[in-house]
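Please look through the model shown here with the notes beside it, taking one point at a time and finding each element in the structure before reading on.

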Amino acid sequence: MIAAQLLAYYFTELKDDQVKKIDKYLYSMRFSDETLRDIMSRFRMEMEKGLGRDTNPTATVKMLPTFVRSIPDGSEKGDFIALDLGGSNFRILRVKVSHEKKQTVQMESQNYETPEDIIHGSGSRLFDHVAECLGDFMEKQNIKDKKLPVGFTFSFPCAQTKLDEAVLLTWTKRFKASGVEGMDVVKLLNKAIKKRGDYDADIMAVVNDTVGTMMTCGFDDQRCEVGIIIGTGTNACYMEELRHIDMVEGDEGRMCINTEWGAFGDDGMLEDIRTEFDREIDRGSLNPGKQLFEKMVSGMYMGELVRLILVKMAKEGLLFEGRITPELLTKGKFETKHISAIEKTKEGLTKAKEILTRLGVEPSADDCIAVQHVCAIVSFRSANLIAATLGAILARLKDNKNIPRLRTTVGIDGSLYKMHPQYSRRLHKTVRRLVPECDVRFLLSESGSGKGAALVTAWASRLADQTRQIAETLAEFRLSQEQLLEVKRRMLTEIQNGLSKKTQSTATVKMLPTYVRSTPDGTENGDFLALDLGGTNFRVLLVKIRSGKRRTVEMHNKIYAIPVEVMQGTGEELFDHIVACISDFLDYMGMKNARLPLGFTFSFPCRQTSLDAGILVNWTKGFKATDCEGEDVVNLLREGIKRREEFDLDVVAVVNDTVGTMMTCAYEEPTCEVGLIAGTGSNACYMEELRNIETVDGDEGRMCVNMEWGAFGDSGCLDDMRTQYDRAVDDLSLNPGKQRYEKMCSGMYLGEIVRNILIDLTKRGFLFRGQISETLKTRGIFETKFLSQIESDRLALLQVRSILQHLGLDSTCDDSIIVKEVCGAVSHRAAQLCGAGMAAVVDKIRENRGLDHLDITVGVDGTLYKLHPHFSPIMHQTVKELAPKCNVNFLLSEDGSGKGAALITAVGCRLREQEQKS
């Protein structure tokens, strides 16, 4: 018993002694956490360099964009072929992704040899070989007549500008086929397939094996956003924010970056930690000076590293009693799989004895312990270095997301990680120490990168199909120059119909005379009251206008809400509510006793017979008060004032908000003779020659005409440009069949058009994982202000997502991109249609005056024009293109409807006094 204990003690002592000796000998291969953190920060700098446009050409870590923009989301389905070329074996798979009850993947695969002479021969031979194997596989699967989508896992550094193109930068891992570097491998493979002519294949995606691994694991765990290979070679990929990838257009969403981290250190960045053995390996490799990091950590070189260490130690008499055999001196005789065998806890030393005996060195027990420890140091160094570079990626992901803790999954594959008994445990432990603020799940890729390539292909074919279908849907909103000119022509026809006595009663664009015969001339003076009714809010204003050298306009106002039950109740209730608000305002201003002249901005279609009489043609914008249509609104107001018996007012003018806008701008800029509202509603007015207004007597001078152009198209003349979504919005509106032009270009309806498109795209499975939420079913939820926010160029995709989430729409980055595109198409069309209408108006004025060229100003108001980031420039451009003989200046109205009503009242008072004098 004692003898056994003594032996064990002696053995432990011996072991400790041997271990210490080797630790000392290989001191430079052992790293402290401080050193690893330093390597981590160096790698982060290299990543930055690779992502930057200016620094990428000289960066060693190339950070190649893969054009894979998302991990699987569970909606992939179909029948695919995957090719996997990256080592001595070439694998072809048929992958069926189905959706019965839950998503399942069926795979059948076959391995094909890739002989040495082909790996080192010509490129055309290599691709002929691949095409031949693919033909054989399709024959066996009985699918030669089908054109299945193909995913190509090509595990070498490639530059991509799209998903189905990959230009080989440099061969690695023993491959040396000539004439391939600098070429697009998809083209080379397609050429080889075409040459055969016995089958057809549609190569939709080229992915690196690392990306394939991330996608395979992402299928099982949607948190997976990093892929790593630790096998013959090593590499990593991860999902980077597009805004940080200078080499790719756009800043929306994310894209997978293939880091090609094997080349880390090729610029000398790792010289301080490379050993004499690393340098010797590099000198004897196929690509000296390249892939230096890979040569320190990957399975292809690890066995060779151990062999070189053993040779040196034997030469120095530290091992095998100085015995060196031809086998030990033969390159490649000590393999990485031997390291895995020797490091096994139980039978490791026995394995060491077997392997070393085969090398002819007759090892002692001491030698076996020593060799086991050398293997441990070399493999531990590999795990530590990978942990440092992976730690850098995880820290970057955490910073990109700007979160205190990162929860993520790393998809991992490769023979070294899988086969080595201690490797994975060491790697996980070091990663957790280096990035304690990241909770990482390591997920082993069971089915390799082939399944991943098929999933990328499934994603790509789904995306290609989806992109095409979405483009077809939105193409209806993209109006050509010819279509816009046609809108302009039809608007001019409708304008003519509205002005002519014969056709006015049936015209849709009513061209209502306003009895405003002049714009302000600067002599207006006095205190005026203005009312502004045109939406859910109602304003009362006191406007003090002073003429003279320093003209001033001073305003005081108060805003009152109009409850829905009042908007849709009786006319009497509505006007009593308005009068109660005026009463409150006069108390507030202390002016109950003065009989002030009043201008009433009433933004609904009215037929005027004089400046102070306006008969409501029909309600719009959600108003439904009874007993008002066909009545004079000034009378309704006067009766309301009488019923109250508290104050009296002199109602001088009833005004449309569009006319008010024109007058406000004309006060600042005399060339302003057109008014435009592009807000909740849409309308325009302009100064027409009195001789052309057949519904009013007299033909001297001009009069402002309120076009009421929102009803353009009610005759069906825009039907060829209306989409199914326009029809759906119209059918469910308060006034079906009415105000069709307005429903295509005003703020009140754009959000609804967008919502209808989003519902359709969701039903078709392109958005929100095909789930239509209650929110999306709610009419009016998608307010136009959201369009303005979503389309803002300054808004990153995450902010678009947060707007959608605020609306209860759980969106991915891809969803956000599509929503933004939909909003853009709808608002772009709205601006173009509005511009086409305006082009008709300014050209009409130019022709009225017999001019070759017209300089004119348009006064504009409305939230859509003011707040939407792209509406106004698109509209201006459209006017410029469709009315090239007019130089149109757009002036933003500051408080058009209130100040404008006061100015019209002031002009009305001025003209009334002039008439009385004469």
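The points below concern a predicted model, and they go from a helix and its surroundings to a sheet and then to aromatic rings.

1. Helix H18 covers residues 571–589, and its 19 residues reach 27 Å from the first C-alpha to the last, close to the 27 Å expected at 1.5 Å a residue. Just after H18, Gly590 takes a positive phi of about 65°.

2. Which residues of H18 are buried? They are Gly571, Leu574, Phe575, Ile578, Val579, Cys581, Ile582, Ser583, Phe585 and Leu586. An α-helix has 3.6 residues a turn, so residues three or four places apart point the same way. The cover over the buried residues of H18 includes strands E15, E16, E17 and E18, together with helices H17 and H19.

3. An open sheet of mixed pairing is formed by six strands in the order E14-E24-E23-E22-E25-E26. Because E14 (512–513) and E26 (886–892) stand at the edges with a single partner strand each, one side of each is left without a neighbour in the sheet. E25 (residues 854–861) and E26 pair in the parallel sense over seven bridges, and Ile856 stands opposite Val888 in E26.

4. Helix H20 (residues 657–668) lies across E22, E23, E24, E25 and E26, and runs at about 135° to E22. Helix H27 (residues 813–848) lies across E22, E23, E25 and E26, running at about 5° to E23.

5. A search of the whole structure finds 22 aromatic pairs, and one aromatic cluster is formed by Phe152, Phe154, Phe156, Trp171 and Phe175. Arg551 lies over the face of Tyr667, at 4.3 Å from the ring centre, while Lys558 lies over the face of Tyr588, at 4.7 Å from the ring centre.

Conventions
Residues numbered from 1 in each chain as written. Predicted model: local features only at pLDDT ≥ 70, side-chain atom pairs only at ≥ 80, totals over all residues. Heavy atoms only, no water. Phe/Tyr/Trp six-rings, centres within 6.5 Å; stacked < 30°, edge-to-face > 60°. Lys NZ or Arg CZ within 6 Å of the ring centre and 35° of its normal. Helix = DSSP H or I, 4+ residues; strand = E, 2+ residues; numbered from the N terminus. Expected span 1.5 Å × (residues − 1). Buried < 20%, exposed > 50% of the residue type's maximum accessible area, 1.4 Å probe, protein only. Contact = heavy atoms within 4.5 Å. Pairing = 2+ DSSP bridges. Axes fitted to C-alpha atoms, helices over the stretch in contact; angles between N-to-C directions.
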